[in-house]
Amino acid sequence: MSAFSEAALEKKLLELSNSQQSVQTLSLWLIHHRKHSRVIVTVWDRELRKAKPTRKLTFLYLANDVIQNSKRKGPEFTKDFAPVIADAFKHVSRETDESCKKHLSRVLSIWEERAVYENDVLEQLKMALYGIKKPKKRPYEEVKVVEVDNCSAKSSPDEPPQTIDLIRALQELEHAASGDAAVHQRIGSLPVEVQDVSLLDKITDKESGDQLSKMADDSCMLLADYNGRLAAEIDDRKQLTRMLSDFLRCQKEILDEKEQQLEEYKRKLARVSQVRKELRLRIQDLPDLSRLPNVTGSRMHLPYAGDLYSDD
């Protein structure tokens with residue numbers, strides 16, 4: 001990838017189009033240069049406000065892709081976008097038409113469902129977009145638990161994964177993007193107009209062009225969201241593979257330790273058996289007590305010490 005500079009970023013933002021490929025290509029470039037996240041966010045915000053109204057939504061699509069797909073690599077973009085993203089939503093909402101607000105609302109819903117930001121930032125975004133607080137679909141705390149409990153419940157890097165971690169990771173993959181039949185059907189049912197470039201020649205008036213633009217926006221949003229979920233699923237599967245590897249390694253170590261303990265128990269049992277055998281032999285060498293005189297059932301007394309040394 002090319003080296004980072006403000007001038008290079010400005011050029012790439014100027015060339016940014018509303019196509020999924022354009023957004024994702026630039027998003028990957030930005031994530032690659034995430035150590036410059038503060039500068040990137042500053043330039044993004046500045047160029048957003050200079051862009052034509054028809055291009056402003058694309059800047060938000062770019063921010064959405066960067067924020068969601070960079071979280072697993074580090075918190076830089078999520079943190080640096082937080083102070084400016086609410087004003088950006090407000091600016092784009094004010095500068096564009098009503099249909100644009102629907103797309104912004106969709107982005108906000110995704111961020112809320114996936115707990116991309118804390119409650120305070122989400123509330124700022126709602127205020128910027130709706131002007132009033134919009135009821136949440138479900139509590140943020142509930143989302144955090146469902147979302148991999150991701151940080152709190154998992155084992156630390158120095159500890160082997162627990163069985164519950166593996167079960168939770170496998171349960172999450174049951175609802176992974178690759179198995180989302182509803183989304184697959186929606187993608188398969190996309191209008192042919194957004195897939196065949198040759199049909200652009202049939203656009204003869206502004207109304208048909210606006211309709212096609214709206215269909216393209218909806219399709220891009222659907223595909224960008226699905227692509228982000230697929231990227232997250234790939235990371236989840238890689239993480240699960242590492243967890244399984246660590247778990248199996250841990251179980252092997254436990255089995256090896258148990259085998260060593262078993263061998264030690266066998267050695268101790270052999271030693272105990274040997275001692276018992278030696279004890280039996282020594283018992284056989286002891287005198288027969290039944291042949292000794294019976295001194296408990298008679299009135300005879302053993303002689304006193306004085307009697308033994310008497311003159312008689």
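Which residue forms a salt bridge with E112, and how far apart are the closest N and O atoms? The legends below take up this question and others about a predicted model.

**View 1. K126 and E112 form a salt bridge.**
The partner of E112 is K126, and their closest N and O atoms are 3.2 Å apart. K126 belongs to helix α7 and E112 to helix α6, so this pair ties together parts that are 14 residues apart in sequence. Where do the two side chains sit, buried or exposed? K126 has a relative accessibility of 2%, so it counts as buried. E112 also counts as buried, because its relative accessibility is 12%.

**View 2. Helix α7 has its buried residues on the same side.**
Now look at the helix that carries K126. Helix α7 takes in the twelve residues 119–130. At 1.5 Å a residue it should span 16 Å, and this agrees with its end C-alpha atoms, which are 16 Å apart. Which residues of α7 are buried? They are V121, L122, L125, K126, A128 and L129. These residues cover an arc of only 165° around the axis, which means that they lie on the same side of α7. Their packing partners are α5 (76–95) and α6 (98–113). Just after the helix comes G131, which takes a positive phi of about 85°.

**View 3. Helix α5 has a kink at A82.**
One of the packing partners of α7 is α5, the subject of this view. Where in α5 does a kink lie? Find A82, shortly before the proline P83: the kink there is about 55°. Among the buried residues of α5 are F77, D80, F81, A82, I85, F89, H91 and V92. The buried residues of this helix pack against α2 (20–32), α3 (37–50), α4 (53–70), α6 and α7.

**View 4. V41 is a buried residue of helix α3.**
This view turns to one residue in a helix that packs against α5. V41 is found in helix α3. With a relative accessible area of 3%, V41 is buried. Which residues does V41 touch, leaving aside those up to four places away in sequence? The answer is F77, D80, F81 and V84. Of these, F77, D80 and F81 are also listed among the buried residues of α5. For another landmark, look for A63: V41 and A63 are 22 residues apart in sequence, while their C-alpha atoms are 8.9 Å apart in space.

**View 5. K11 and E15 pair within helix α1.**
Side chains of opposite charge can pair when their charged atoms come close. Here K11 forms a salt bridge with E15, and the closest N and O atoms are 2.5 Å apart. Both residues lie in helix α1 (residues 6–15), where four residues, about one turn of the helix, separate them.

**View 6. R249 and D246 pair within helix α11.**
R249 forms a salt bridge with D246, with 3.8 Å between the closest N and O atoms. The two residues are three apart in helix α11 (residues 206–285), which means about one helical turn separates them. Are these residues buried or partly exposed? R249 counts as partly exposed, at 43% relative accessibility. D246 is partly exposed as well, with a relative accessible area of 31%. Elsewhere, salt bridges that share partners join E6, E10, R46, E47 and K50 into one network. How many salt bridges does a search of the whole structure find? It finds 13.

A disulfide is a covalent bond between the sulfur atoms of two cysteines. How many disulfides are counted in this model? The count comes to zero. C100 counts as buried, at 5% relative accessibility. C250 is buried too, with a relative accessible area of 16%.

**View 7. The protein chain has twelve helices and zero strands.**
Step back to see the whole chain. From the N terminus on, its elements run α-α-α-α-α-α-α-α-α-α-α-α. Of its 312 residues, 32% count as buried. Among contacts between residues at least 6 apart in sequence, 70% join residues at least 24 apart.

Note on methods:
Residues are numbered from 1 along each chain as its sequence is written. This is a predicted model: local features need pLDDT of at least 70, side-chain atom pairs count only at pLDDT 80 or more; totals for chains, interfaces and linings use all residues. Side-chain values use heavy atoms; hydrogens and water are left out. The expected span of a helix is 1.5 Å times one less than its number of residues. Buried means under 20% relative accessible area, exposed over 50%, partly exposed in between (1.4 Å probe, protein chains only). The arc is that of the directions from the helix axis to the C-beta atoms. Contact means heavy atoms within 4.5 Å. A salt bridge is a side-chain nitrogen of Lys or Arg within 4 Å of a carboxyl oxygen of Asp or Glu. The bend at a residue is the angle between axes fitted to the seven residues ending there and the seven starting there. A disulfide is a pair of cysteine sulfur atoms within 2.5 Å.
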